Amino acid sequence: MRNFILLFFSFWIVTLFLPWWTLLIPAVVLGAALFNSSPAAFFTGFLSLFAAWFVQVLYIDIANESILSGRIAEMLGVGQGWLVLLITAAIGGLIGGMGTLFGSQVRQLLSPTHERNIRSA
(Lines give C-alpha, C1' and ligand atoms only; values in the text may rest on other atoms or scores of the structure.)
Protein backbone atom coordinates (compact mmCIF):
# COMPACT_ATOMS: atom_id res chain seq x y z
CA MET A 1 0.00 0.00 0.00
CA ARG A 2 2.89 2.34 0.79
CA ASN A 3 4.34 1.73 -2.67
CA PHE A 4 0.97 2.43 -4.29
CA ILE A 5 0.59 5.74 -2.46
CA LEU A 6 4.17 6.78 -3.23
CA LEU A 7 3.73 5.98 -6.94
CA PHE A 8 0.28 7.61 -7.06
CA PHE A 9 1.48 10.94 -5.69
CA SER A 10 4.69 10.97 -7.72
CA PHE A 11 2.67 10.35 -10.90
CA TRP A 12 0.14 12.99 -9.88
CA ILE A 13 2.79 15.65 -9.30
CA VAL A 14 4.69 14.83 -12.51
CA THR A 15 1.56 15.03 -14.68
CA LEU A 16 0.65 18.43 -13.25
CA PHE A 17 3.83 20.09 -14.53
CA LEU A 18 5.45 17.94 -17.22
CA PRO A 19 4.40 16.11 -20.42
CA TRP A 20 2.85 12.64 -20.18
CA TRP A 21 5.95 10.77 -21.32
CA THR A 22 7.97 12.01 -18.34
CA LEU A 23 5.92 9.61 -16.20
CA LEU A 24 8.41 6.94 -17.17
CA ILE A 25 11.15 8.63 -15.15
CA PRO A 26 9.57 8.14 -11.69
CA ALA A 27 8.12 4.81 -12.82
CA VAL A 28 11.54 3.38 -13.70
CA VAL A 29 13.32 4.93 -10.72
CA LEU A 30 10.71 3.87 -8.17
CA GLY A 31 10.27 0.49 -9.85
CA ALA A 32 13.99 -0.15 -9.38
CA ALA A 33 14.03 1.21 -5.84
CA LEU A 34 10.88 -0.42 -4.45
CA PHE A 35 10.21 -3.74 -6.13
CA ASN A 36 11.94 -7.12 -6.13
CA SER A 37 9.06 -8.95 -7.78
CA SER A 38 8.13 -8.29 -11.40
CA PRO A 39 4.37 -8.99 -11.06
CA ALA A 40 4.12 -6.73 -8.01
CA ALA A 41 5.99 -3.99 -9.86
CA PHE A 42 3.72 -4.17 -12.90
CA PHE A 43 0.41 -4.34 -11.07
CA THR A 44 1.27 -1.65 -8.52
CA GLY A 45 2.51 0.67 -11.27
CA PHE A 46 -0.55 -0.09 -13.39
CA LEU A 47 -3.05 0.53 -10.60
CA SER A 48 -1.37 3.67 -9.28
CA LEU A 49 -1.11 5.42 -12.66
CA PHE A 50 -4.58 4.17 -13.64
CA ALA A 51 -5.96 5.77 -10.48
CA ALA A 52 -3.95 8.99 -10.87
CA TRP A 53 -4.99 9.50 -14.49
CA PHE A 54 -8.60 8.54 -13.81
CA VAL A 55 -8.89 11.09 -11.01
CA GLN A 56 -7.38 13.81 -13.21
CA VAL A 57 -9.49 12.92 -16.25
CA LEU A 58 -12.62 12.75 -14.11
CA TYR A 59 -11.85 16.20 -12.68
CA ILE A 60 -11.39 17.64 -16.17
CA ASP A 61 -14.55 15.88 -17.38
CA ILE A 62 -16.63 17.28 -14.53
CA ALA A 63 -15.17 20.77 -15.05
CA ASN A 64 -16.25 20.90 -18.70
CA GLU A 65 -19.59 19.13 -18.07
CA SER A 66 -18.58 16.04 -20.12
CA ILE A 67 -18.62 17.95 -23.39
CA LEU A 68 -15.12 16.94 -24.45
CA SER A 69 -15.44 13.27 -23.51
CA GLY A 70 -18.79 13.09 -25.29
CA ARG A 71 -17.34 14.51 -28.49
CA ILE A 72 -14.31 12.23 -28.35
CA ALA A 73 -16.61 9.25 -27.74
CA GLU A 74 -18.57 10.16 -30.86
CA MET A 75 -15.36 10.54 -32.85
CA LEU A 76 -14.01 7.17 -31.70
CA GLY A 77 -17.38 5.47 -31.95
CA VAL A 78 -17.38 4.10 -28.41
CA GLY A 79 -20.79 5.48 -27.52
CA GLN A 80 -20.39 6.82 -23.99
CA GLY A 81 -18.08 9.49 -22.65
CA TRP A 82 -17.20 7.51 -19.53
CA LEU A 83 -15.65 4.83 -21.74
CA VAL A 84 -13.20 7.43 -23.01
CA LEU A 85 -12.24 8.12 -19.41
CA LEU A 86 -11.62 4.41 -18.76
CA ILE A 87 -9.64 3.98 -21.97
CA THR A 88 -7.49 6.98 -21.10
CA ALA A 89 -6.85 5.65 -17.59
CA ALA A 90 -6.06 2.17 -18.96
CA ILE A 91 -3.47 3.60 -21.36
CA GLY A 92 -1.91 5.47 -18.45
CA GLY A 93 -1.99 2.30 -16.38
CA LEU A 94 -0.09 0.41 -19.06
CA ILE A 95 2.55 3.15 -19.14
CA GLY A 96 2.95 3.01 -15.37
CA GLY A 97 2.99 -0.78 -15.26
CA MET A 98 5.57 -1.11 -18.02
CA GLY A 99 7.76 1.59 -16.47
CA THR A 100 7.83 0.03 -13.01
CA LEU A 101 8.31 -3.42 -14.54
CA PHE A 102 11.30 -2.10 -16.52
CA GLY A 103 12.79 -0.56 -13.36
CA SER A 104 12.33 -3.80 -11.47
CA GLN A 105 13.94 -5.79 -14.27
CA VAL A 106 16.92 -3.43 -14.43
CA ARG A 107 17.38 -3.84 -10.68
CA GLN A 108 17.32 -7.62 -11.02
CA LEU A 109 19.71 -7.50 -13.96
CA LEU A 110 22.24 -5.36 -12.11
CA SER A 111 22.04 -7.24 -8.81
CA PRO A 112 25.13 -9.22 -7.75
CA THR A 113 23.13 -12.46 -7.43
CA HIS A 114 22.17 -12.19 -11.10
CA GLU A 115 25.85 -12.14 -12.08
CA ARG A 116 26.50 -15.32 -10.09
CA ASN A 117 23.55 -17.05 -11.77
CA ILE A 118 24.87 -16.15 -15.23
CA ARG A 119 28.39 -17.40 -14.44
CA SER A 120 27.17 -20.70 -13.02
CA ALA A 121 25.03 -21.46 -16.08
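## Close-up views of helices, rings and loops

Phe43 is exposed, with a relative accessible area of 51%; here exposed means over 50% relative accessible area, buried means under 20%, and partly exposed is anything in between (1.4 Å probe, protein chains only). What you're looking at is a predicted model, so local features need a pLDDT of at least 70 and side-chain atom pairs count only at pLDDT 80 or more, while totals for chains, interfaces and linings use all residues. Residues are numbered from 1 along each chain as its sequence is written, and side-chain values use heavy atoms, with hydrogens and water left out.

**View A. Helix 3, from end to end.** Helix 3 covers residues 38-63; helices here are DSSP runs of H or I with at least four residues, numbered from the N terminus. From first C-alpha to last, the 26 residues of helix 3 reach 37 Å, close to the expected 38 Å. That expected span is 1.5 Å times one less than the number of residues. Which residues of helix 3 are buried? They are Ser38, Ala41, Phe42, Thr44, Gly45, Ser48, Leu49, Ala52, Trp53, Gln56, Val57 and Asp61. These buried residues pack against helix 1 (2-17), helix 4 (67-76) and helix 5 (81-110).

View B. Searching the whole structure turns up seven aromatic pairs. One of them is Phe4 with Phe8, a stacked pair at 6.2 Å centre to centre and 25° between the planes. To count as a pair, rings of Phe, Tyr and Trp (its six-membered ring) need centres within 6.5 Å; planes under 30 degrees apart are called stacked, over 60 edge-to-face, and the rest tilted. Phe4 and Phe8 both sit in helix 1, four residues apart, which is about one turn of the helix. Phe4 is partly exposed at 24% relative accessible area, whereas Phe8 is buried at 15%. Next come Phe42 and Phe43, an edge-to-face pair with 5.3 Å between centres and 80° between planes.

**View C. Helix 1 beside helix 2.** Here the axes of helix 1 and helix 2 (residues 24-34) come within 10 Å and cross at roughly 160°. That makes the two helices roughly antiparallel. Axes are lines fitted to C-alpha atoms, for helices over the stretch in contact, with angles running from 0 to 180 degrees between N-to-C directions. As for the names, angles under 35 degrees are roughly parallel, over 145 roughly antiparallel, 65 to 115 roughly perpendicular, and the rest oblique. Helix 1 passes helix 2 in a right-handed crossing: a crossing is right-handed if the near helix is turned clockwise from the far one by less than a right angle, and left-handed if anticlockwise. On the helix 1 side, the contact is made by Arg2, Asn3, Leu6, Leu7, Ser10, Phe11 and Val14. Helix 2 supplies Pro26, Ala27, Leu30 and Leu34. Contact means heavy atoms within 4.5 Å.

**View D. Helix 1 across helix 3.** How do these two helices cross? Their axes come within 9 Å and cross at roughly 45°. That makes helix 1 oblique to helix 3, and the crossing is right-handed. Helix 1 brings Asn3, Phe4, Leu7, Phe8, Phe11, Trp12, Thr15 and Leu16 to the meeting. Among the residues they meet in helix 3 are Thr44, Gly45, Ser48, Trp53 and Gln56. Take Leu16 and Gln56: they're 40 residues apart in sequence and 9.3 Å apart in space, C-alpha to C-alpha. Leu16 is partly exposed, with a relative accessible area of 49%.

View E. Ser104 is in helix 5. Is Ser104 buried or exposed? Ser104 is buried, with a relative accessible area of 0%. Leaving aside residues up to four places away in sequence, Ser104 touches Gly31, Ala32, Phe35, Asn36, Ser37, Ser38 and Ala41.

**View F. The loop between helix 3 and helix 4.** Glu65 lies in this loop, just after helix 3. Its phi is near 55°, a positive value in a residue other than glycine. Glu65 is exposed, with a relative accessible area of 66%. Ser66 is in the loop between helix 3 and helix 4 too, and has a positive phi of about 65° although it isn't a glycine. At 36% relative accessibility, Ser66 counts as partly exposed.
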